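Reader: I'd like to learn how to read side-chain packing in a model. Can you walk me through it?

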Amino acid sequence: MADRQAWKTRLCTALLLGVASASAMAAPTMSVVATPNPVLIGSPLMLDVLISDIADLYAYQFTLSFNPAVLQFATATEGAFLTTGGSTLFDGGTANNTTGTISFVFDTLIGAVPGVSGSGLLAKLNFTTAAVGVSTLTFSDVVFLDSSLNDIALLAPSATVQVSAVPEPANYALFGLGLAGLAVAAQRRAKAA
């Protein structure tokens, strides 16, 4: 009887540890990183669409919405993450710069191969800046599939991009440091001559 009670205790402990470790694991997250951010009006803006902590990714699709008064979509290129699993088929979606959407960007592995696990770059989206302002970047129509074509649940938070007319104060500080460095170098040359 004592052996049976000890066995039940070990089983309950194992189950509780399993539940605790499963809840501690991070959910896969799709995110976007803008470079540069903030960006000067008239300058190009590159958005990296990233995935983190995913297991067995075989295919994905998403739609990205943006403020068309501030940003205008230019091009899309495939990221390197899914290609580590083999041959792929990528489509940069259908862009509408009037409504501010890039619809149904997708990428899939080809053939009976396992999915890719880890973190990396899914796609690179290039924009031009049209006006000063803020653009919220929002994902919709998000579908991620594993190699058995089962849905993968993930987080896809929105992000913002700031387009400004003048450089940020940090840029002025760097510019000032550069000028000071040039002045010091000129003084040294004058003393050496």
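Predicted model: local features only at pLDDT ≥ 70, side-chain atom pairs only at ≥ 80, totals over all residues.

Reader: Let's start with rings. How many aromatic pairs does a search of the whole structure find?

Author: In general, you describe a pair of aromatic rings by the distance of the centres and the angle of the planes. Here the search turns up 5 aromatic pairs. Take Tyr-60 and Phe-144: the ring centres are 5.5 Å apart and the planes sit at 25 degrees, so this pair is stacked. Planes under 30 degrees apart count as stacked.

Reader: Where in the chain do Tyr-60 and Phe-144 sit?

Author: Tyr-60 is in strand 3 (residues 44–65) and Phe-144 is in strand 9 (residues 133–146), so the pair links distant parts of the chain, 84 residues apart. Tyr-60 has a relative accessible area of 3%, so it's buried. Phe-144, at 2%, counts as buried too.

Reader: And Phe-73 with Phe-127: why is that pair edge-to-face?

Author: Look at the angle. The planes are at 75 degrees, with the centres 5.6 Å apart, so the pair is edge-to-face; the cut-off for that label is over 60. Phe-73 belongs to strand 4 (residues 71–78) and Phe-127 to strand 8 (residues 116–129), so parts 54 residues apart in sequence get tied together. Both Phe-73 and Phe-127 are buried.

Reader: Which residues form one aromatic cluster?

Author: That would be Tyr-60, Phe-62, Phe-139 and Phe-144.

Reader: OK, on to the core. Which residues have the most contacts inside the largest nonpolar core?

Author: The general idea is that in soluble globular proteins, nonpolar side chains tend to be buried together. In this model the largest nonpolar core has 37 residues, and Leu-47, Phe-127 and Phe-144 have the most contacts inside it. Strand 3 gives the largest share of this core, 11 residues. Phe-144 touches, among others, Met-30, Ile-51, Leu-122 and Leu-154.

Reader: Last one, charges. How many salt bridges does the structure hold?

Author: Side chains of opposite charge can pair when their charged atoms come close. This structure holds 1 salt bridge. Asp-48 forms a salt bridge with Lys-124, and their closest N and O atoms are 2.4 Å apart. Asp-48 is in strand 3 and Lys-124 in strand 8, so parts 76 residues apart in sequence are tied together.

Reader: Is Asp-48 buried or exposed?

Author: Buried, with a relative accessible area of 17%. Lys-124, at 26% relative accessibility, counts as partly exposed.

How values were computed: Residues numbered from 1 in each chain as written. Heavy atoms only, no water. Phe/Tyr/Trp six-rings, centres within 6.5 Å; stacked < 30°, edge-to-face > 60°. Helix = DSSP H or I, 4+ residues; strand = E, 2+ residues; numbered from the N terminus. Buried < 20%, exposed > 50% of the residue type's maximum accessible area, 1.4 Å probe, protein only. Core = buried A, V, L, I, M, F, W, Y, C linked by side-chain atoms within 4.5 Å. Contact = heavy atoms within 4.5 Å. Salt bridge = Lys/Arg side-chain N within 4 Å of Asp/Glu carboxyl O. Lists of a residue's contacts leave out its neighbours within four places in sequence.
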